[in-house]
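Please keep the sequence and the structure in view while reading.

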Amino acid sequence: FLIEMVTMNAEGSTKPPPGPPPLSLSQTENGALSMAPLSTVVNAATDSLYQDLYNLVYSDVKIVSVAKQNTNNAGGDGNASSAEDKLNATVGAPSNPNDALLETRKAKMANLSFAQRRHELTRRIVQHTKSVAHCYALTAASLPESHSSLQYQKLLKSSASLSPMSSSNAAKIHEPPPRLGSSVQVSSDALQFVKSGWISQDEAQDALYFHHDELWKARGHCHDVLGALCVLGGGDKGGGFWPDFPTDVALAVDPYGVSKEKSYSPSELKARLASAIRRKLVLGEVGSNRSNNEGKELTSQLPWRIVFEQGGGSIRLTYGSPRTVSTAEALRQRTVAKDDEGEDCEINLQQYPMEARLSVLSEDANASWKLLSLHVRCSPKTGESDHQLGMNKKQMFDLHRIGERAMIVEEAICRKANEAMKNTTTTTESKDENAMEIDGEKPAETASSPLIPRPLLRLFEVTHAFSLSLQLEMLSSQAEALRRGAWGGAARVSGAKETLVDGIAVSPAYFFDSQNGAVHESNTNNSAPIAVMAVHFWHCDDRYGSPRVGDIICSDEVTTNNGKVDSSSMRGAGPGLRHDDNFLPASDQKGKERLSLCIRAVPMVGLVVSLSGSDAENDRTTESHHLKRNVNKLLSSIQNPFQLSMSDALLAATVLCAERRCHAVVDALNRTKASHLPSWIHLEVECGSITVAGSISYQHFSSKTRPATVLFRLACDSRSGRFVPTFHRSISILRRLACNDPSTSDIQLVSNAALASARQAKGHIFTKKVGERESTGRSVRDAFVALSRSMDTLGRKCGVGGLWNESDVLSSKSLREKSIDQSVDQTWASLITCSGIAAVFGVAGIALKIASGVDPVIDMAGGAIIDDETNANLIRVPPLSVPLHQKIVEKRVKEGDGEMKTKSELQSELFAVSAKATTQSLELVCFDVLTTMKSASSIPMRVKYASINQLEGTESAELDTARPTKRAKLSSESSCQHILLEVEHATQWIDAVLGL
């Protein structure tokens, strides 16, 4: 540094020494400089130096080197690379050496060569030298009188003696150098002051923007902006809406004061304004829509509903169905309007999803529309949350600017096109006239139709697109809340993958630009969605293709589906590929192996709802009131902006899919084949559940042919899509047995208590005896659990019926049918067994109680009867019995020590009922059973049994007589009878058997 100063003095330079280069500084949120204590900087530099010294001696050091680039070709021969490859490698090489690829590795200093060690030591010495110099400079600059500052003053004095300078410069030289800390603090305060000034300016500008709507409402008429400012600012009287409005602001610019309109009377001004607005409507797009093509069908009609406001000074555009509000502000506005005008203004209590107010501020023929206000409203259903997605005033102002900009651009484009067309027409006519004058002919008249701008349509497009995106975001947030709440599933970890069981998956809202909005190539620009979201629920077997997603159309609307893509062109692109028509991006795989509820936002159309399995041609929504009600509920929950509810929509969608899945399963079970369903089983679909009915016959008892009896139902769960068996409330025994309720069987309850006591007495080493039979409750529960599992497997393979997106056109359908047939074979056996159990513990259980007057006993008959070939078709469940005769029998038993001991046993004679369930019939049979019990806690042992082959009584004819009955709860199309009607015939059969 001294050498450079001496050299500069020798050359006769009068300039002071150059200062250090500027440093990049960082600021905090309030604009102040980000500073750190000097001790922190010194400690950091010292720690870094000691850490490097330790690594050089004891540990590994990081070595940074340039990565070697492989310029060889694919074959590995570097000499065989072509000239084009070398040129590309040269062009692709970094122009700056600092941009080269670097690699980092670790090694010990002892393992490096002498040159590498010298390089690493030199690099670290240079690095820490800079850090030490930096710390020295900071420390010296922070002192009021330091050695460096004194040396700097001496150099300045020596340079001043060599070259004469002004007195002002000399005075500046002798000034003491300022401290670094004070300079930094002054700079920080200055930056903070500038930042606070910027924030204040932004807040003032935002406040002016946000009060834009109130400013326009305060006007007396369209040009009274000055009066509105005075009212809102307080004026001379004070007390306006803006109490902080500056009082010294001079609002002197008033175009209305020097305009021609000031000479008009108020009535003439209103008449002229109304006339300008009507002329704008008639000569604009409203009039063109009425007279376009002389009655031909229009391609794009104006969707707004246009209403003239009172006085005709502005128009009001509304869209959608209104809602009536009863807030305090709305009631106050209606009261004020009623007092001023003497009429009841009900319009103040109505809010529309989209509403705009426009006017015209000039009588010029080319005057454009002026957007006064624009409102977009949507709200969730009562009880739902909007997840803080309501519009704030900043968003409302931005939407107002975008809408107004779209209208201005539309009118400017059409105006420019009309001027160009007019110039072209004038040039052509002049040429034709010259040519006609030469030939002596009269020129023909040419008429050109000017382009009519459609600013109101452009305003609707902008507003409608924003409204759809806002509704879709709100529905997506509600779906995410449902996924994290009641509709979420438990996590199941399989290997390294974690999946959700019985829960929903949500594909959030995806927004597309104008070019990539159409996901499928066959889409047109009119039907391309701007956004799409989906909720995936229920598992589905889509190995051979996924269920086709179709639009849901309300029954009141015309069944046209112009906005939906023909998905027939998307089938059969190749085996092993999965094709969906849910408009989601290809990267979204959340809908794999699931059913989907898709919602897409289509411009000029609205929110279109699609559901897996929906088919407009073969839809069953018109067959029952139950489906119509849920379709309307699904559409209203999504398409009504004031009733947005994803929970109601998801529940309605699951109800529709449950109905379709039940129909698909019943169709698969009733499919004609060699091993078809038994003729005595009858299946029906009723409100999302499968009714299992059976024709019951009785042993050695002649009866007339009766309708099938409803035994139980398989309801489809809305949350998981699984089938759950349900029973009539009168069959209390079967309902508790299906849940394996211990209180159903007193014998099993006492036996379990004794078994627990024995285990506790023997130190938990007591084991169950080999051959000990299971309880009736466990057998019944296992049977119905097996039926539920087989029905679930069949339901996943059948999907929801309808059409499929086949992954392979040639083989997918046949493979799916083969897989369904395999599941059907397993389901038939479970259906036959469960039907027999329901007949015994349902119909026969109630009949035994009526005939004998006592409750039937569970587990009293000594287990299932399976030891006789004649009874091979009996169900593998212990029969249901009632005691006829009981006595205590004493027996002499020889003990192990040779002594004789007397033991008492309870001997019971029982009347037991079981069922034979085969592919030919379902027959109830009865037995005479003799059992013994050694103790109160022991399980009854069956000594002998015999089938009752003759009747003691005869069939009564009273059952055929007419009696008043209740109105059936089933639909009119059902051919099944209630279970209580069959109980009468079962009771008559038991009376005939017992001779009662």
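A residue is called buried when its relative accessible area is under 20%, exposed when that area is over 50%, and partly exposed in between, with a 1.4 Å probe and protein chains only. The model is a predicted one, in which local features need pLDDT of at least 70 and side-chain atom pairs count only at pLDDT 80 or more, while totals for chains, interfaces and linings use all residues. Residues are numbered from 1 along each chain as its sequence is written, and side-chain values use heavy atoms, with hydrogens and water left out.

The protein chain has 996 residues, of which 37% are buried. Its secondary structure consists of 21 helices and 26 strands; these are DSSP runs numbered from the N terminus, with helices (H or I) of at least four residues and strands (E) of at least two. A contact requires heavy atoms within 4.5 Å. Of the contacts in the protein chain between residues at least 6 apart in sequence, 70% join residues at least 24 apart. The chain exposes about 58,300 Å², and carbon and sulfur atoms supply 53% of this area, computed by the Shrake-Rupley method with a 1.4 Å probe.

Aromatic rings come next. Rings of Phe, Tyr and Trp (its six-membered ring) pair if their centres lie within 6.5 Å; planes under 30 degrees apart count as stacked, over 60 as edge-to-face and the rest as tilted. In one of them, Tyr319 and Phe460 are edge-to-face, because their ring centres lie 4.9 Å apart and their planes meet at 70°. Since Tyr319 belongs to strand E4 (residues 315–319) and Phe460 to helix H14 (residues 455–484), the pair ties together parts that are 141 residues apart in sequence. Phe460 is buried, at a relative accessible area of 0%, whereas Tyr319 is partly exposed at 26%.

A further pair is formed by Phe927 and Tyr945, with ring centres 5.9 Å apart and planes at 75°, so it is edge-to-face. Phe927 lies in strand E25 (residues 922–933) and Tyr945 in strand E26 (residues 941–947), so this pair ties together parts that are 18 residues apart in sequence. Phe927 is buried, with a relative accessible area of 1%, and Tyr945 is partly exposed, with 21%.

Ring pairs also link Trp304 with Tyr319 and Phe460 into a cluster. Charged side chains meet rings as well: a charge sits over a ring if NZ of Lys or CZ of Arg is within 6 Å of the ring centre and within 35 degrees of the ring normal. Arg272 lies over the face of Tyr264, 4.4 Å from the ring centre, and the charged end of Arg278 sits over the ring of Phe308, 4.3 Å from its centre.
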